[in-house]
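Me: I've got a structure to go through and want to know what stands behind the labels. Can we take them one at a time?

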Amino acid sequence: MDKRVIDIAEDIKEMRIRGAAKIGRTVAEAIKIEAENYRGNDPKEFVKDIKKTARYLISTRPTAVSLENALRYVLVELGKAYKNGENVKTLKSIVSKASDDFCENSNLALDRIAEIGSKRIMDGDVIFTHCNSSMALGIIKKAHRDGKKIKVYADETRPRLQGLLTAKELLDEGIDVTLIVDSAARIFIREANHVIIGADAVAANGAVVNKVGTATLASIAHEARVKVIVAAETYKFNPQTYCGELIEIEERDIFEVISKEDYEKLKGLKVNNPAFDVTPPEFIDLIITEKGLIAPQAAIWVLKETYGLGLFDKEPWED
Ligand code: RUB
(Lines give C-alpha, C1' and ligand atoms only; values in the text may rest on other atoms or scores of the structure.)
Protein backbone atom coordinates (compact mmCIF):
# COMPACT_ATOMS: atom_id res chain seq x y z
CA MET A 1 0.00 0.00 0.00
CA ASP A 2 1.24 3.51 -0.79
CA LYS A 3 2.95 5.14 2.21
CA ARG A 4 0.81 8.29 1.79
CA VAL A 5 -2.36 6.20 2.11
CA ILE A 6 -1.07 4.70 5.36
CA ASP A 7 -0.29 8.22 6.66
CA ILE A 8 -3.78 9.43 5.71
CA ALA A 9 -5.37 6.46 7.51
CA GLU A 10 -3.32 7.28 10.61
CA ASP A 11 -4.37 10.96 10.44
CA ILE A 12 -8.04 9.92 10.29
CA LYS A 13 -7.65 7.44 13.17
CA GLU A 14 -5.91 10.03 15.33
CA MET A 15 -8.47 12.68 14.32
CA ARG A 16 -5.93 15.05 12.76
CA ILE A 17 -8.37 14.78 9.86
CA ARG A 18 -11.89 14.72 11.25
CA GLY A 19 -15.53 15.60 10.60
CA ALA A 20 -17.50 13.15 8.47
CA ALA A 21 -17.64 15.12 5.20
CA LYS A 22 -13.91 15.85 5.27
CA ILE A 23 -13.16 12.20 6.09
CA GLY A 24 -15.28 11.11 3.08
CA ARG A 25 -13.41 13.40 0.67
CA THR A 26 -10.06 12.43 2.15
CA VAL A 27 -10.56 8.68 1.66
CA ALA A 28 -11.73 9.34 -1.91
CA GLU A 29 -8.41 11.15 -2.46
CA ALA A 30 -6.50 8.34 -0.73
CA ILE A 31 -7.93 5.62 -2.97
CA LYS A 32 -7.01 7.76 -5.99
CA ILE A 33 -3.41 8.01 -4.71
CA GLU A 34 -3.28 4.23 -4.29
CA ALA A 35 -4.63 3.69 -7.83
CA GLU A 36 -2.32 6.20 -9.50
CA ASN A 37 0.77 4.73 -7.85
CA TYR A 38 -0.10 1.08 -8.44
CA ARG A 39 2.67 -0.76 -10.28
CA GLY A 40 1.47 -3.74 -12.28
CA ASN A 41 -0.55 -4.69 -15.33
CA ASP A 42 -2.99 -7.33 -14.11
CA PRO A 43 -6.51 -5.85 -13.76
CA LYS A 44 -7.50 -8.60 -11.28
CA GLU A 45 -4.56 -7.80 -9.01
CA PHE A 46 -5.27 -4.07 -9.33
CA VAL A 47 -8.89 -4.51 -8.21
CA LYS A 48 -7.72 -6.72 -5.35
CA ASP A 49 -5.29 -4.04 -4.19
CA ILE A 50 -7.92 -1.28 -4.35
CA LYS A 51 -10.41 -3.40 -2.37
CA LYS A 52 -7.78 -4.17 0.26
CA THR A 53 -6.93 -0.45 0.55
CA ALA A 54 -10.63 0.39 0.86
CA ARG A 55 -11.06 -2.12 3.73
CA TYR A 56 -8.03 -0.66 5.46
CA LEU A 57 -9.41 2.90 5.15
CA ILE A 58 -12.84 1.78 6.40
CA SER A 59 -11.27 0.32 9.54
CA THR A 60 -10.03 3.77 10.65
CA ARG A 61 -13.38 5.15 11.87
CA PRO A 62 -16.39 2.83 11.79
CA THR A 63 -19.29 5.29 12.30
CA ALA A 64 -18.83 7.97 9.62
CA VAL A 65 -20.74 6.47 6.70
CA SER A 66 -19.47 9.09 4.24
CA LEU A 67 -16.18 7.20 4.45
CA GLU A 68 -17.86 4.00 3.23
CA ASN A 69 -20.06 5.87 0.77
CA ALA A 70 -17.02 7.59 -0.80
CA LEU A 71 -15.37 4.22 -1.32
CA ARG A 72 -18.66 2.66 -2.44
CA TYR A 73 -18.99 5.40 -5.08
CA VAL A 74 -15.48 4.79 -6.45
CA LEU A 75 -15.52 0.99 -6.20
CA VAL A 76 -18.90 0.57 -7.90
CA GLU A 77 -17.52 2.48 -10.93
CA LEU A 78 -14.33 0.41 -10.80
CA GLY A 79 -16.36 -2.83 -10.60
CA LYS A 80 -18.37 -1.94 -13.72
CA ALA A 81 -15.24 -1.12 -15.74
CA TYR A 82 -13.48 -4.29 -14.56
CA LYS A 83 -16.47 -6.38 -15.65
CA ASN A 84 -16.22 -4.73 -19.07
CA GLY A 85 -12.66 -6.09 -19.38
CA GLU A 86 -10.82 -2.74 -19.17
CA ASN A 87 -7.03 -2.66 -18.73
CA VAL A 88 -5.20 -1.27 -15.68
CA LYS A 89 -4.54 2.13 -17.31
CA THR A 90 -8.27 2.64 -17.91
CA LEU A 91 -9.19 1.29 -14.47
CA LYS A 92 -6.81 3.82 -12.90
CA SER A 93 -8.45 6.69 -14.75
CA ILE A 94 -11.91 5.41 -13.72
CA VAL A 95 -10.84 5.47 -10.04
CA SER A 96 -9.35 8.96 -10.45
CA LYS A 97 -12.45 10.37 -12.08
CA ALA A 98 -14.85 8.78 -9.58
CA SER A 99 -12.75 10.14 -6.72
CA ASP A 100 -12.77 13.66 -8.21
CA ASP A 101 -16.52 13.46 -8.85
CA PHE A 102 -17.21 12.39 -5.27
CA CYS A 103 -15.17 15.29 -3.86
CA GLU A 104 -16.76 17.78 -6.21
CA ASN A 105 -20.28 16.58 -5.31
CA SER A 106 -19.47 16.78 -1.61
CA ASN A 107 -18.12 20.34 -1.92
CA LEU A 108 -21.16 21.38 -3.96
CA ALA A 109 -23.40 19.80 -1.30
CA LEU A 110 -21.72 21.94 1.35
CA ASP A 111 -22.56 25.14 -0.57
CA ARG A 112 -26.07 24.05 -1.44
CA ILE A 113 -26.90 23.03 2.15
CA ALA A 114 -25.58 26.40 3.35
CA GLU A 115 -27.83 28.16 0.85
CA ILE A 116 -30.94 26.13 1.67
CA GLY A 117 -30.35 26.11 5.42
CA SER A 118 -29.58 29.81 5.79
CA LYS A 119 -33.08 30.62 4.50
CA ARG A 120 -34.46 29.04 7.69
CA ILE A 121 -32.55 31.54 9.85
CA MET A 122 -34.10 34.90 10.62
CA ASP A 123 -32.44 38.14 11.63
CA GLY A 124 -31.97 38.07 15.42
CA ASP A 125 -32.07 34.26 15.75
CA VAL A 126 -30.17 32.38 18.43
CA ILE A 127 -28.64 29.08 17.34
CA PHE A 128 -27.29 26.24 19.45
CA THR A 129 -24.71 23.90 17.95
CA HIS A 130 -22.72 20.88 19.09
CA CYS A 131 -19.30 19.57 18.03
CA ASN A 132 -17.78 20.93 14.83
CA SER A 133 -19.77 20.21 11.71
CA SER A 134 -18.75 21.84 8.42
CA MET A 135 -22.32 21.41 7.14
CA ALA A 136 -23.94 23.05 10.19
CA LEU A 137 -21.38 25.86 10.30
CA GLY A 138 -21.81 26.42 6.56
CA ILE A 139 -25.46 27.34 7.23
CA ILE A 140 -24.60 29.63 10.14
CA LYS A 141 -21.81 31.42 8.25
CA LYS A 142 -24.00 31.92 5.17
CA ALA A 143 -26.78 33.47 7.27
CA HIS A 144 -24.20 35.81 8.81
CA ARG A 145 -22.74 36.71 5.40
CA ASP A 146 -26.27 37.46 4.20
CA GLY A 147 -26.36 40.18 6.87
CA LYS A 148 -28.49 38.41 9.49
CA LYS A 149 -27.55 39.24 13.04
CA ILE A 150 -27.28 35.94 14.86
CA LYS A 151 -26.02 34.65 18.16
CA VAL A 152 -24.56 31.17 18.61
CA TYR A 153 -24.12 28.93 21.64
CA ALA A 154 -21.43 26.29 21.09
CA ASP A 155 -21.03 23.60 23.71
CA GLU A 156 -17.56 22.32 24.50
CA THR A 157 -18.17 18.76 23.28
CA ARG A 158 -16.21 16.71 25.76
CA PRO A 159 -13.87 14.91 25.64
CA ARG A 160 -12.13 16.23 22.48
CA LEU A 161 -13.46 19.81 22.71
CA GLN A 162 -14.45 20.22 19.08
CA GLY A 163 -16.78 22.98 20.36
CA LEU A 164 -13.71 25.12 20.80
CA LEU A 165 -12.92 24.69 17.10
CA THR A 166 -16.46 25.79 16.34
CA ALA A 167 -16.17 28.85 18.58
CA LYS A 168 -12.88 29.83 16.92
CA GLU A 169 -14.25 29.32 13.41
CA LEU A 170 -17.31 31.45 14.13
CA LEU A 171 -15.31 34.15 15.92
CA ASP A 172 -13.02 34.40 12.88
CA GLU A 173 -16.14 35.15 10.84
CA GLY A 174 -17.14 37.89 13.26
CA ILE A 175 -20.13 35.92 14.61
CA ASP A 176 -21.33 36.46 18.18
CA VAL A 177 -20.52 33.13 19.84
CA THR A 178 -20.64 31.94 23.45
CA LEU A 179 -18.90 28.77 24.63
CA ILE A 180 -20.59 26.77 27.39
CA VAL A 181 -19.89 23.45 29.11
CA ASP A 182 -21.98 20.58 27.76
CA SER A 183 -23.93 20.18 30.99
CA ALA A 184 -25.16 23.81 30.79
CA ALA A 185 -27.17 23.08 27.64
CA ARG A 186 -30.54 23.00 29.42
CA ILE A 187 -29.96 26.50 30.83
CA PHE A 188 -29.25 28.14 27.47
CA ILE A 189 -31.49 26.09 25.17
CA ARG A 190 -34.48 28.23 26.18
CA GLU A 191 -32.91 31.22 24.41
CA ALA A 192 -32.40 29.31 21.16
CA ASN A 193 -34.61 29.35 18.04
CA HIS A 194 -32.85 26.37 16.46
CA VAL A 195 -30.38 23.65 17.22
CA ILE A 196 -28.28 23.12 14.10
CA ILE A 197 -26.00 20.09 13.97
CA GLY A 198 -24.29 17.81 11.47
CA ALA A 199 -24.42 14.04 11.08
CA ASP A 200 -22.02 11.16 10.80
CA ALA A 201 -24.76 8.90 9.54
CA VAL A 202 -28.50 8.96 8.86
CA ALA A 203 -30.39 5.67 9.11
CA ALA A 204 -33.30 4.58 6.91
CA ASN A 205 -35.74 5.29 9.77
CA GLY A 206 -34.47 8.89 10.11
CA ALA A 207 -32.37 8.34 13.23
CA VAL A 208 -29.26 10.51 13.17
CA VAL A 209 -25.86 9.43 14.42
CA ASN A 210 -23.68 12.36 15.47
CA LYS A 211 -21.11 13.30 18.11
CA VAL A 212 -21.94 11.94 21.55
CA GLY A 213 -24.14 14.43 23.40
CA THR A 214 -26.31 15.18 20.34
CA ALA A 215 -29.14 12.92 21.55
CA THR A 216 -29.24 14.62 24.97
CA LEU A 217 -29.19 18.06 23.34
CA ALA A 218 -31.98 17.09 20.92
CA SER A 219 -34.12 15.74 23.74
CA ILE A 220 -33.65 18.93 25.76
CA ALA A 221 -34.49 20.97 22.65
CA HIS A 222 -37.58 18.85 22.05
CA GLU A 223 -38.72 19.46 25.61
CA ALA A 224 -38.11 23.22 25.20
CA ARG A 225 -39.87 23.20 21.79
CA VAL A 226 -36.77 24.38 19.99
CA LYS A 227 -36.44 23.10 16.44
CA VAL A 228 -33.67 20.60 15.75
CA ILE A 229 -32.18 20.88 12.27
CA VAL A 230 -29.67 18.36 10.92
CA ALA A 231 -27.42 19.39 8.02
CA ALA A 232 -26.45 16.23 6.15
CA GLU A 233 -25.38 15.68 2.55
CA THR A 234 -26.95 12.59 1.00
CA TYR A 235 -23.59 10.76 1.34
CA LYS A 236 -24.40 10.61 5.07
CA PHE A 237 -27.35 8.28 4.47
CA ASN A 238 -26.43 4.72 5.29
CA PRO A 239 -27.67 2.07 2.83
CA GLN A 240 -26.84 -0.68 5.33
CA THR A 241 -29.76 0.40 7.52
CA TYR A 242 -32.63 -0.75 5.30
CA CYS A 243 -33.21 -3.67 7.65
CA GLY A 244 -32.90 -1.50 10.74
CA GLU A 245 -29.36 -2.67 11.30
CA LEU A 246 -27.73 -0.62 14.00
CA ILE A 247 -24.83 1.57 13.02
CA GLU A 248 -21.60 0.68 14.80
CA ILE A 249 -20.69 3.33 17.38
CA GLU A 250 -16.98 3.97 17.62
CA GLU A 251 -15.55 3.42 21.10
CA ARG A 252 -12.41 5.53 21.57
CA ASP A 253 -9.46 5.38 23.91
CA ILE A 254 -10.39 5.90 27.57
CA PHE A 255 -7.45 8.26 27.99
CA GLU A 256 -9.41 10.88 26.05
CA VAL A 257 -11.63 10.99 29.15
CA ILE A 258 -9.25 10.52 32.07
CA SER A 259 -5.50 11.00 32.51
CA LYS A 260 -3.32 7.90 32.81
CA GLU A 261 -2.19 9.17 36.19
CA ASP A 262 -5.75 9.40 37.61
CA TYR A 263 -6.75 6.11 36.05
CA GLU A 264 -3.85 4.29 37.67
CA LYS A 265 -4.73 5.79 41.05
CA LEU A 266 -8.40 4.76 40.80
CA LYS A 267 -7.99 0.98 40.82
CA GLY A 268 -11.10 -0.84 39.53
CA LEU A 269 -12.59 2.22 37.75
CA LYS A 270 -14.33 1.45 34.46
CA VAL A 271 -14.44 4.13 31.75
CA ASN A 272 -16.47 4.17 28.53
CA ASN A 273 -15.85 6.59 25.68
CA PRO A 274 -18.41 6.24 22.87
CA ALA A 275 -17.65 8.86 20.20
CA PHE A 276 -21.21 9.12 18.85
CA ASP A 277 -24.82 8.58 19.84
CA VAL A 278 -28.12 8.01 18.07
CA THR A 279 -30.86 10.64 18.07
CA PRO A 280 -34.29 9.17 17.29
CA PRO A 281 -36.30 10.79 14.47
CA GLU A 282 -38.94 12.04 16.97
CA PHE A 283 -36.41 14.56 18.27
CA ILE A 284 -35.49 15.88 14.83
CA ASP A 285 -37.62 18.41 12.94
CA LEU A 286 -35.79 18.64 9.67
CA ILE A 287 -32.87 17.23 7.72
CA ILE A 288 -31.33 19.60 5.19
CA THR A 289 -29.68 17.80 2.29
CA GLU A 290 -28.26 19.29 -0.91
CA LYS A 291 -31.41 18.04 -2.66
CA GLY A 292 -33.72 19.92 -0.32
CA LEU A 293 -35.44 19.65 3.05
CA ILE A 294 -36.86 16.41 4.32
CA ALA A 295 -38.58 15.23 7.46
CA PRO A 296 -36.39 12.57 9.13
CA GLN A 297 -39.12 10.00 8.38
CA ALA A 298 -38.40 10.56 4.65
CA ALA A 299 -34.81 9.33 4.94
CA ILE A 300 -35.81 6.08 3.26
CA TRP A 301 -36.75 8.14 0.19
CA VAL A 302 -33.21 9.56 -0.08
CA LEU A 303 -31.77 6.05 0.23
CA LYS A 304 -34.10 4.72 -2.45
CA GLU A 305 -33.23 7.62 -4.80
CA THR A 306 -29.49 7.08 -4.27
CA TYR A 307 -29.14 3.32 -4.00
CA GLY A 308 -32.44 1.86 -5.26
CA LEU A 309 -34.48 -0.55 -3.26
CA GLY A 310 -32.31 -3.64 -3.42
CA LEU A 311 -30.05 -4.73 -0.64
CA PHE A 312 -26.45 -5.42 -1.57
CA ASP A 313 -25.51 -9.12 -1.39
CA LYS A 314 -21.92 -8.01 -1.11
CA GLU A 315 -20.18 -4.68 -0.47
CA PRO A 316 -17.97 -3.55 -3.39
CA TRP A 317 -14.83 -3.78 -1.23
CA GLU A 318 -15.43 -7.42 -0.32
CA ASP A 319 -13.51 -10.07 -2.30
C1 RUB B 1 -17.48 15.18 14.19
C2 RUB B 1 -18.97 15.23 14.24
C3 RUB B 1 -19.65 16.11 13.25
C4 RUB B 1 -20.05 15.25 12.05
C5 RUB B 1 -20.56 16.09 10.92
O6 RUB B 1 -16.97 14.11 14.95
O7 RUB B 1 -19.63 14.52 14.96
O8 RUB B 1 -20.80 16.67 13.80
O9 RUB B 1 -18.94 14.50 11.61
O10 RUB B 1 -19.53 16.89 10.42
P11 RUB B 1 -15.40 13.87 15.00
P12 RUB B 1 -19.58 17.43 8.91
O13 RUB B 1 -14.76 15.13 15.50
O14 RUB B 1 -15.25 12.71 15.95
O15 RUB B 1 -14.95 13.51 13.59
O16 RUB B 1 -20.84 18.23 8.81
O17 RUB B 1 -18.35 18.29 8.77
O18 RUB B 1 -19.57 16.26 8.01
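Me: Why is asparagine 210 called buried?

Reply: Its relative accessible area is 5%, and buried means under 20% (over 50% is exposed, anything in between is partly exposed, with a 1.4 Å probe and protein chains only). So asparagine 210 counts as buried. Bear in mind that this is a predicted model, where local features need pLDDT of at least 70, side-chain atom pairs count only at pLDDT 80 or more, and totals for chains, interfaces and linings use all residues. Residues are numbered from 1 along each chain as its sequence is written, and side-chain values use heavy atoms, with hydrogens and water left out.

Me: What does asparagine 210 touch, not counting residues up to four places away in sequence?

Reply: Ile197, Gly198, Ala199, Asp200, Phe276 and Asp277, where contact means heavy atoms within 4.5 Å. Asparagine 210 itself is found in strand 6, residues 208-211 (strands are DSSP runs of E, at least two residues; helices are H or I, at least four; both are numbered from the N terminus).

Me: What makes the pair of glycine 198 and asparagine 210 a polar contact?

Reply: The backbone oxygen of glycine 198 lies 3.4 Å from a polar atom of the asparagine 210 side chain. The cut-off is a pair of N or O atoms within 3.5 Å, one able to donate a hydrogen and the other to accept it; residues adjacent in sequence count only if both atoms are side-chain atoms.

Me: Which residues have the most contacts inside the largest nonpolar core?

Reply: Ile31, Phe46, Leu57 and Leu71, in a core of 34 residues. A nonpolar core is a set of buried Ala, Val, Leu, Ile, Met, Phe, Trp, Tyr and Cys residues joined through side-chain atoms within 4.5 Å. Helix 1 (3-13), helix 2 (20-36), helix 3 (43-58), helix 4 (65-83) and helix 5 (88-118) each supply at least two of its residues. Another core, of 30 residues, lies apart from it and includes Ala184 and Ile220.

Me: How much space lies in the largest cavity, and what makes it a cavity?

Reply: About 40 Å³. On a 1 Å grid over the protein atoms alone, a cavity is a set of points where a 1.4 Å probe fits but cannot get out, and lining residues have an atom within 4 Å of a point. Grid points are joined across faces, edges and corners, and the volume is the space filled by probe spheres set on them. Among the lining residues are Met15, Arg160 and Glu256.

Technical notes: On a 1 Å grid over the protein atoms alone, a cavity is a set of points where a 1.4 Å probe fits but cannot get out, and a pocket is an open set with protein on both sides within 12 Å along at least five of seven lines; lining residues have an atom within 4 Å of a point.
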